[in-house]
Amino acid sequence: MKFIDLFAGLGGFHVGLANNGHECVFACEIETELRDLYKSNYGIQPFDDVTKIDVTKIPSHEIICAGFPCQPFSLAGQKKGAECPKSGKLIEHVIRIAEFHNPQFILLENVPNIVNIANGTFWSYLTNSFKNIGYKIYHKIISPVDIGIPQNRKRIFIVAVRKDIDNGNFNWPDTTQLKNIDLSEILDKSNIHKHLESKKTMLLKHWQKLLNQLSISELRSTSLVAPEFGATYPHDFQQISFEEMKKYKGAYGQDLSNCNSWDEIMEKLPSYTNKYFKIPDWLVKSALKSRELFSQNANICTKWVAKLDKKNNSWQILEWRGNFNDLNIYNHLVQFRASGIRILRPNVAPSLISMTPTQIPIIPSEDRYLSPYEAAKLQNLHKLHQLPQGTVKAFKALGNAVNAKIVEFITKNLNIDYGILN
Ligand SMILES: C[S@@+](CC[C@H](N)C(=O)[O-])C[C@H]1O[C@@H](n2cnc3c(N)ncnc32)[C@H](O)[C@@H]1O
């Protein structure tokens, strides 16, 4: 069948459909560099802005693919949904094109949260719009790990089938028989990787030193919150008076008794208490656990704190999401996040994200970042002739892309369920 690739990006839909024998006849992508890459990878020069497309100029086709921009819908985004003037309304152009060309299938991908955004009104708008122009909607949340690829990346896949050909037979891919690939099988052993900045290398070593010395054998989704070492202040001090507060110890056991104002007190408390005058709810359990660890290992912790690099707030928290009884950072994956240094299980990569390239997964045992080529493997885009130049641009585009293998599986089922290519 012939398909069009709207919001084409790196062409995750293109790869998935082409691997099932379908042919791209039109693409559109607003970013010049991605358009040039698309031309180089697939031999098609994409149109630029979807809002400027004259529908009559699009060649006839049987499938529309559209990974419409997801930022306004993701949890990290602004939660404005269809009200977002910039990207939220771009789906209207998919509807406009579908209404004119009436293709058999429409494939959409986005973050799962589009179902809830604006109290579900955006989702109703989207599904009703396609129903009103004659389509039956199927949707499912699928992550690459579900099909054996070692990346956690839940996305909603929407398949709209034109009602006159919908036989109710559409099946989502059966993933039960698929072999799981371990992240280690994806890692590329060549020596051309981007190494960790020496400050981060030292920091991880320092945290490992603490883990080796503390008398703990397991951590279950807990964070080690260094500023709580030696602290005694009430974890919720919204109702506490200034005089009362001076009786406690602040971050790293700093004395508050000499403070002359709340500002001075706040300077001696951990930064995460600043906004609501309390330890945030999600951190309380870990903070109290860290105080307990300190009381049992005061000497070790005090010496360790003296050498901790404290310039960066997030470097003072170790978020343990790894194997609970193997406290060796070097047997894990690491991600520097705004909330802390996150330690993750080694066999599956976290979701590649486009907005913050600083969160590129780290392989601490090799003192390096995941490479763009390895990330491309996690998106099944590694066979592309070219990726964007430079790590930041490559990760941004890969973090925006749809996983091409999931698209391939879904499209394979379209072929089977609707008797295409028999
Ligand atoms: C979520 S990404 C989709 C990526 C694509 N599915 C892939 O596999 O790489 C959304 C893409 O839409 C593009 N875009 C945003 N606004 C656009 C517009 N008005 N017209 C065309 N493309 C646009 C962005 O540059 C981005 O590459």
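How many nonpolar, polar and charged residues does the shell around the ligand have? By class, the shell holds 11 nonpolar, 5 polar and 4 charged residues. Here Ala, Val, Leu, Ile, Met, Phe, Trp, Tyr, Cys and Pro count as nonpolar, Asp, Glu, Lys and Arg as charged, and the others, Gly among them, as polar.

The model is predicted, so local features need pLDDT of at least 70 and side-chain atom pairs count only at pLDDT 80 or more, while totals for chains, interfaces and linings use all residues. Residues are numbered from 1 along each chain as its sequence is written, and side-chain values use heavy atoms, with hydrogens and water left out.

The chain as a whole comes next. Its C-alpha trace spans about 75 × 50 × 40 Å along the principal axes. The chain contains 13 helices and 12 strands; these are DSSP runs numbered from the N terminus, with helices being H or I of at least four residues and strands E of at least two. The domain assignment, which is automatic or from a database, gives domain 1 as 2-181 + 402-417 and domain 2 as 198-370. The centres of the two domains, taken over C-alpha atoms, are 40 Å apart.

Of the 422 residues, 53% count as buried. Buried means under 20% relative accessible area, exposed means over 50%, and partly exposed lies in between (1.4 Å probe, protein chains only). The chain exposes about 19700 Å², and carbon and sulfur atoms supply 50% of that area. Accessible areas come from the Shrake-Rupley method with a 1.4 Å probe, and for residues only the protein chains shown count as cover. Among contacts (heavy atoms within 4.5 Å) between residues at least 6 apart in sequence, 66% join residues at least 24 apart.

Back at the ligand, 20 residues surround it, and the closest are L10, G12, E29, D49 and V50. A residue counts as near when one of its heavy atoms lies within 4 Å. The side chain of D49 places an N or O atom 2.9 Å from a nitrogen atom of the ligand. V50 uses a backbone N or O atom, 2.9 Å from a ligand nitrogen atom. On its own the ligand has 600 Å² of accessible area, and the protein covers 92% of that.

Some individual residues remain. H206 lies in helix 6, residues 198-213. H206 counts as buried because its relative accessibility is 11%. Leaving aside residues up to four places away in sequence, H206 touches W304, K307 and L308.

K383 sits in the loop between helix 11 (372-378) and helix 12 (391-400). K383 is exposed because its relative accessible area is 75%.

The loop between strand 4 (105-110) and helix 4 (121-132) holds G120, which is buried because its relative accessibility is 13%. A118 lies in the loop between strand 4 and helix 4. A118 has a positive phi of about 50 degrees although it is not a glycine, and its relative accessible area of 28% makes it partly exposed.

How values were computed:
A polar contact is a pair of N or O atoms within 3.5 Å; within protein, one must be able to donate a hydrogen and the other to accept it, and residues adjacent in sequence count only if both atoms are side-chain atoms.
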